[in-house]
Amino acid sequence: MSDRQAIYSSMAALLSGKQQVVVLALKRGNWDTLFKTGSGWDFSSGSPRLTVIKMAENSREDVMIMDSQLDDRLKDNRYSPFRSALCLPVVKPWGVAALIFVEEPERSQAFSHRHL
């Protein structure tokens, strides 16, 4: 197992319940999946996940969704696959190189600033 895969596996071990994680890297202008737990990761145009990814990419800052049903930033995404989410950008001098996206499908306020 590569060092990178060992790190990803360690990250996945920190998840609880039905939480899942995906690590994305920017390659030729598109987000490419490097590692993921679970399945059904939909990043299609207009999806709640893509909305959160774009927020993190554009702001170059962490994005935390405490409750997708109450968050105004997701008001156009009525059927979110997650209740809580945390998206952490990996920023290089030229921009965002990678993203770590963790989601909790059922519980609101699953993440807090102490996770950052």
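This is a predicted model: local features need pLDDT of at least 70, side-chain atom pairs count only at pLDDT 80 or more; totals for chains, interfaces and linings use all residues.
Start with the strands. Color β1 to β5 and you'll see an open sheet of five, ordered β2-β1-β5-β4-β3 with antiparallel pairing. Out at the edges sit β2 and β3, each pairing on one side only. Look along the sheet for the twist, which averages 20° from one strand to the next.

Now zoom in on β1 (residues 20–27) and β5: they run antiparallel, joined by six bridges. Pick Val22 and look across to β5, where Phe101 is its bridge partner.

Next, bring in the helices. α1 (residues 3–13) packs on the sheet, touching β1, β2 and β5, with its direction at about 75° to that of β2. α2 also packs on the sheet and touches β1, β2, β3, β4 and β5; its direction makes about 140° with that of β5.

Time for the rings: select Trp41, Phe43, Phe82 and Phe101, a cluster linked by ring pairs. The model has three aromatic pairs. In one of them, the ring centres of Trp41 and Phe101 are 5.9 Å apart and the planes stand at 90°, so call it edge-to-face. Trp41 comes from the loop between β2 (30–36) and α2 (48–59) while Phe101 sits in β5 (residues 95–104), so this pair ties together parts 60 residues apart in sequence.

Phe82 lies in the loop between β3 (63–65) and β4 (84–92), so its pairing with Phe101 in β5 spans 19 residues in sequence. Phe82 is buried too, as is Phe101.

Terms used. Residues are numbered from 1 along each chain as its sequence is written. Side-chain values use heavy atoms; hydrogens and water are left out. Rings of Phe, Tyr and Trp (its six-membered ring) pair if their centres lie within 6.5 Å; planes under 30 degrees apart count as stacked, over 60 as edge-to-face and the rest as tilted. Helices (H or I, at least four residues) and strands (E, at least two) are DSSP runs, numbered from the N terminus. Buried means under 20% relative accessible area, exposed over 50%, partly exposed in between (1.4 Å probe, protein chains only). Two strands pair if DSSP finds at least two bridges between them. Axes are lines fitted to C-alpha atoms, for helices over the stretch in contact, and angles run from 0 to 180 degrees between N-to-C directions. Contact means heavy atoms within 4.5 Å.
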